[in-house]
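User: I have a structure up on screen and would like a quick tour. Can you take my questions as they come?

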Amino acid sequence: MRAQASCLYECAVMHRRLSPKQHEFTYRIFLFYLDLDELSEVSSRIPFFSLNEPNVYALRNEDYFQFHSRGLRANLESFLETQGLTQKPSRIRLLTLPRFLGYTFNPISIFFCFDENERPLTSVVQVGNTFGELKPYLVPLDSAAQGFHIRVAKNYYVSPFSPPDLTFDFRFDEPGNRLRIAIDDFQGEEKVLLSTLAGPRVELTAVNLAILTFKYPLITLKVIFLIHWEALRLWWKRIPHRGKE
């Protein structure tokens, strides 16, 4: 019997701004790592987790890709085809924070794609902003980096303190006993912002999910509040900003 791939990760999130002024903050959250083929089993085993139905935690198709008529797998495969990838993944696992009490906000979600032998094929990072917009980025395997890596034009409004003409540098490994995600922002060749997400694997059980829920109460609202609080602190430091066009 194959071991369950779905799990939780208890993480520390760090953002360090290097330019035009230094600013740094860290907070703690937890994320779900869900095998799409295990969602029915997970929802039947965890009474406060559901797929496309109201619950304490709910994974909903419409929170991903924004062309969501056919379900998570079909929409991911459609995006991969637009990127020139014709091999359909055998297994797909999603690192994300599902809706909490109906609220959703994911600064980042990552789809990991595997072949029939559990070998990684590629990944897709979905970046979200506070306007409810989502943008996916293909992040392929990089043999030199021994993981997933790409530097790609941002072309997307994430924050008034982060110009859309920057480039993202995504670097991360396949999730294992620990999660390690790094996303840097570059202005030309100058690194202006460092972001990391890291933490240990936690077995996905009803007890562990309840413990983390009480440890990090109102987690989605917490993330939304912290983003706006740090934006206020950046404004107070007179860091240049621009509105969304």
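Predicted model: local features only at pLDDT ≥ 70, side-chain atom pairs only at ≥ 80, totals over all residues.

User: How many bridges do E12 and E13 pair over, and in which sense?

Analyst: Ten bridges, antiparallel. E12 covers residues 178–187, and E13 covers residues 190–203. Arg178 stands opposite Pro200 in E13.

User: And what about E11 and E12?

Analyst: Also antiparallel, over six bridges. A hairpin of five residues connects E11 to E12. Thr167 faces Phe186 in E12.

User: New topic. Which residues touch the most others in the largest nonpolar core?

Analyst: Phe32, Phe49 and Phe111, out of 30 residues in that core. H2 gives the largest share, four residues.

User: What does Phe111 touch?

Analyst: Leaving out residues up to four places away in sequence, its contacts include Tyr64, Phe65, Leu72, Leu76 and Ile92.

User: What other core is there?

Analyst: A separate one of 28 residues, including Tyr9, Phe25, Phe148 and Ile181.

User: Back to H2. Which residues are buried?

Analyst: Leu72, Asn75, Leu76, Glu77, Ser78, Phe79 and Leu80. Their cover includes strands E4, E5, E7, E8 and E9.

User: What comes just after H2?

Analyst: Gly84, with a positive phi of about 85°.

Terms used:
Residues numbered from 1 in each chain as written. Heavy atoms only, no water. Buried < 20%, exposed > 50% of the residue type's maximum accessible area, 1.4 Å probe, protein only. Helix = DSSP H or I, 4+ residues; strand = E, 2+ residues; numbered from the N terminus. Contact = heavy atoms within 4.5 Å. Core = buried A, V, L, I, M, F, W, Y, C linked by side-chain atoms within 4.5 Å. Pairing = 2+ DSSP bridges.
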